[in-house]
Amino acid sequence: MIHLGTFLFISGAEIAVIVLIVVMVFGADKIPEIARGMGKTMRTLKDATNDIKSEITKSAENHGIDTSITKDINSEINKVKDELEEFTGSVRRKM
């Protein structure tokens with residue numbers, strides 16, 4: 001479980017220093033553009049990964065390979081995603 005004061009073993013003071021350096025290097029007006037670009041890149045990567053997964057699953061089913069284990073793994077992944085959504089839901093900014 002993630003503790004309130006740390007994120008990936010980084011303390012709050014270290015995060016503040018990193019944010020300060022990022023603001024000094026890129027400027028406050030460029031940070032939203034950088035974040036938007038990173039978000040688009042992550043979405044593209046996620047879409048590509050999902051496409052690859054679906055192609056592998058289709059190919060396995062066409063060749064008669066048992067894919068029931070992937071369904072079990074996907075259900076566990078979905079449980080973790082749901083728990084993460086519950087955890088981060090209150091943190092996200094409402095638009």
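**Notes on the predicted model**

1. In this predicted model, helix α1 is followed by G27, a residue whose phi is positive, near 85°.

2. As to the overall make-up, the chain has three helices and zero strands, and its elements run α-α-α from the N terminus on. Buried residues make up 3% of the 95 residues, while the accessible surface comes to about 8,900 Å², with 66% of that area belonging to carbon and sulfur atoms.

3. α1, with 15 residues, reaches 21 Å from its first C-alpha to its last, close to the 21 Å expected at 1.5 Å a residue. For α2, the 32 residues should span 46 Å at 1.5 Å a residue, and the end C-alpha atoms are 47 Å apart, which agrees.

4. Which residues form the nonpolar patch on the surface? They are V17, I18, I21, V22, V25, F26, I34 and M38, and together they have about 700 Å² of accessible area. Both α1 (12–26) and α2 (31–62) supply at least two residues of this patch, although the largest share, six residues, comes from α1. V17, which lies in helix α1, counts as partly exposed because its relative accessibility is 47%, a value between the 20% under which a residue is buried and the 50% over which a residue is exposed.

5. A search of the whole structure finds two salt bridges. In one, the side chains of D47 and R43 meet with an N to O distance of 3.5 Å, and both residues lie in helix α2, four residues apart, or about one turn of the helix. An α-helix has 3.6 residues a turn, so residues three or four places apart point the same way. D47 is partly exposed, with a relative accessible area of 33%, and R43 is likewise partly exposed, at 49%.

6. The salt bridge between K79 and E76 has its closest N and O atoms 3.4 Å apart. These two residues sit three residues apart in helix α3 (residues 68–89), and are therefore separated by about one helical turn. K79 has a relative accessible area of 47% and is partly exposed, and E76, at 44% relative accessibility, also counts as partly exposed.

Note on methods. Residues numbered from 1 in each chain as written. Predicted model: local features only at pLDDT ≥ 70, side-chain atom pairs only at ≥ 80, totals over all residues. Heavy atoms only, no water. Patch = residues over 30% accessible without salt bridge, like charges linked within 9 Å, V, L, I, M, F, W, Y side chains within 5 Å. Areas by Shrake-Rupley, 256 points an atom, 1.4 Å probe, with all protein chains shown as cover. Salt bridge = Lys/Arg side-chain N within 4 Å of Asp/Glu carboxyl O. Buried < 20%, exposed > 50% of the residue type's maximum accessible area, 1.4 Å probe, protein only. Expected span 1.5 Å × (residues − 1).
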